[in-house]
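Here are my notes for someone opening this one for the first time. Have the sequence and the model side by side as you go through the points.

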Amino acid sequence: MSNASKKPLDFTEKPLTTLLGHEDEIWGIAYIPQADGKRVITCSDDKTVRIWNVESGEQEGTSMEHEEVVYGLAVTRNGERIVSGGMDMRIKVWDVATHELIEEWESHTRGSIWSIALSPDDQLAASGDSHGKIVIREMEEGGEIRHAIETGGEVRVNSLCFSPNGEKLACVANKDAGGNYAIQIFDVESGELILGSIHHEHWVRCVIWSFDGSQLFSASDDHTIRCWNSETAEPIGQPWTGHTDMVTWLSLSPDGKRLASTSVDQTVRFWDVHSGDPVARPLQHDDHLMKVTFSPSGEFVASGTVRIWDVISGEQEGTSMKHEGMVYGLAVTRDGQMIVSGGVNETIKVWDVKTHELIEEWGSHTRGIPSIALCPDDQFAASGDWDGKIVLREMKEGGEIKHSIETGGEVNSLCFSPDGEKIACTVNKEGDGNYAIQVYDVESGELILGSINHEDWARCVVWSFDGSRLFSVSNDHIIKCWNSETAEPIGTTMGRSH
């Protein structure tokens, strides 16, 4: 690594090192400055922040733990401190050398922390949450709050980035209601909005500044990267195209000449900052990608399908069955002959278990599909999406739609009753603080029970063996049991120790 600066750039198709250890999705990755590109930091769904030695591929020391998923990550320029945050709504500051917790800050009280950024001089830390709040803090004053900024309603702040001179803060603010997917710029000294008219046609995932601060680059679910004048909000040139699915993250090379992007299409791509043209060949991965970052030297980058497995041997059987994006929902018929799957690409696919071939493909959802369920006799398939739509289909009639139900919130889980006459679902609507379980009549499609509520996101609902009860789990750390006819809770809640 010490002689790396003498070698020409070579974005090889095969990774130099693979870091294995996280138990779930990696949401953030950053090189540690002052470490000659030999150490990186990652954060994950497994509730940990970890430091890795790039040369050996081994984790250094102990993991730094949160109580929930960790989404946001940043490291100071002197390489001495890590700032992290996530679903537990706390900012934690860690010592890089000892991995010990230095400070813990609270102020995000309504939603998960999705993004963290540090100013160029490390004096300020900014964090953004899932309810549109940005908090700017003084790093040297024990996290004292300088500004608490509301970006405008129930929006998710997916990305934050300070301008090179530290005087401005750019953020993405996505609000599904009204279809407002915007980039906003705030004055760091005053906390006032100074630019708010930059828009994509779909969710914006990331925003970063150009090396001189005159331009902004943004990545979006509309599969494009855009370049903008940071003073006028005018687009510069045409959208950069090449990715075939949502673009999740951007990283600017240290010399400011190249941009790296990650996508759900499983590639890292490289672009010329001035022309927007692709440079070098894409780096192909085996799964979707959420983050990418250049090494301090600019010579390396770090980047973070449905399959059937033989449980005894641990080997995969046959070929993978592929969607165009992440796969969230999965069910198998009781006779073991068909698989039904769905995810980000908004389509339901039906597969033959024996041959792994696609039998049918159904559309009708306009957002991602996180939940799929089959009724006990395999006659009906139900799918739920992020827009709150449940579609009930006839399995034997080529997926003919029996009912299309609007629930009013995101549907994370579906479950048919044991007799197949009812379907229960979780319906989460953050804007109203409504985290509910609803029960519908399968024959009529009518709502027959809708007054079961948790205090936070309801993640899963299942029926008891005899159909007299419902069990639900939630982000409020508890499991509840309910009378499926009256919606009355049964007994005490289970949990709180998770």
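1. Strands here are DSSP runs of E with at least two residues, and they are numbered from the N terminus. This is a predicted model, where local features need pLDDT of at least 70 and side-chain atom pairs count only at pLDDT 80 or more, while totals for chains, interfaces and linings use all residues. Residues are numbered from 1 along each chain as its sequence is written, and side-chain values use heavy atoms, with hydrogens and water left out.

2. Start with the loop between S18 and S19, where you'll find His223. His223 isn't a glycine, yet its phi is positive, about 80°. At 31% relative accessibility it counts as partly exposed; the cut-offs are under 20% for buried, over 50% for exposed and partly exposed in between, with a 1.4 Å probe and protein chains only. For background, most residues other than glycine have a negative phi.

3. Met89 is another such case: its phi is near 65°, again positive in a residue other than glycine. Look for Met89 in the loop between strand S6 (81–86) and strand S7 (90–95). With 25% relative accessibility, Met89 is partly exposed.

4. Next, the largest nonpolar core, which has 28 residues. Such a core is a set of buried Ala, Val, Leu, Ile, Met, Phe, Trp, Tyr and Cys residues joined through side-chain atoms within 4.5 Å. Ile183, Leu216, Phe217, Leu250 and Leu259 have the most contacts inside this core. Strands that each supply at least two of its residues include S14 (168–175), S15 (180–187) and S20 (247–252). The largest share, five residues, comes from S17.

5. Which residues form a cluster through ring pairs? They are Trp27, Tyr71 and Trp114. Rings of Phe, Tyr and Trp (its six-membered ring) pair if their centres lie within 6.5 Å; planes under 30 degrees apart count as stacked, over 60 as edge-to-face and the rest as tilted. The count comes to six aromatic pairs by this rule. Tyr71 and Trp114 are stacked, because their ring centres are 3.8 Å apart and their planes are at 10°. Tyr71 sits in strand S5 (residues 70–75) and Trp114 in strand S9 (residues 113–118), so the pair ties together parts 43 residues apart in sequence.

6. Stay with that pair for a moment. Tyr71 is buried at 9% relative accessibility, and Trp114 is buried at 14%. The charged end of Arg156 sits over the ring of Trp114, 4.1 Å from its centre. That label needs NZ of Lys or CZ of Arg within 6 Å of the ring centre and within 35 degrees of the ring normal.

7. Further along, four strands make an open sheet in the order S26-S27-S28-S29, with antiparallel pairing. Strands pair if DSSP finds at least two bridges between them. S26 (327–332) and S29 (358–362) are at the edges with a single partner strand each, so one side of each has no neighbour in the sheet. S28 (residues 348–352) and S29 share four bridges, and Trp351 has Leu358 as its bridge partner in S29.

8. S30 and S31 form a hairpin with five residues between them, and Asp378 in the turn has a positive phi of about 65°. Ile372 stands opposite Ser383 in S31. Both faces of S30 (residues 371–374) are covered, with Ser371 and Ala373 buried on one side and Ile372 and Leu374 buried on the other.

9. Lastly, disulfides: the count is zero, with the rule being a pair of cysteine sulfur atoms within 2.5 Å. For Cys415, the closest cysteine sulfur is in Cys460, 7.6 Å away and so too far for a bond.
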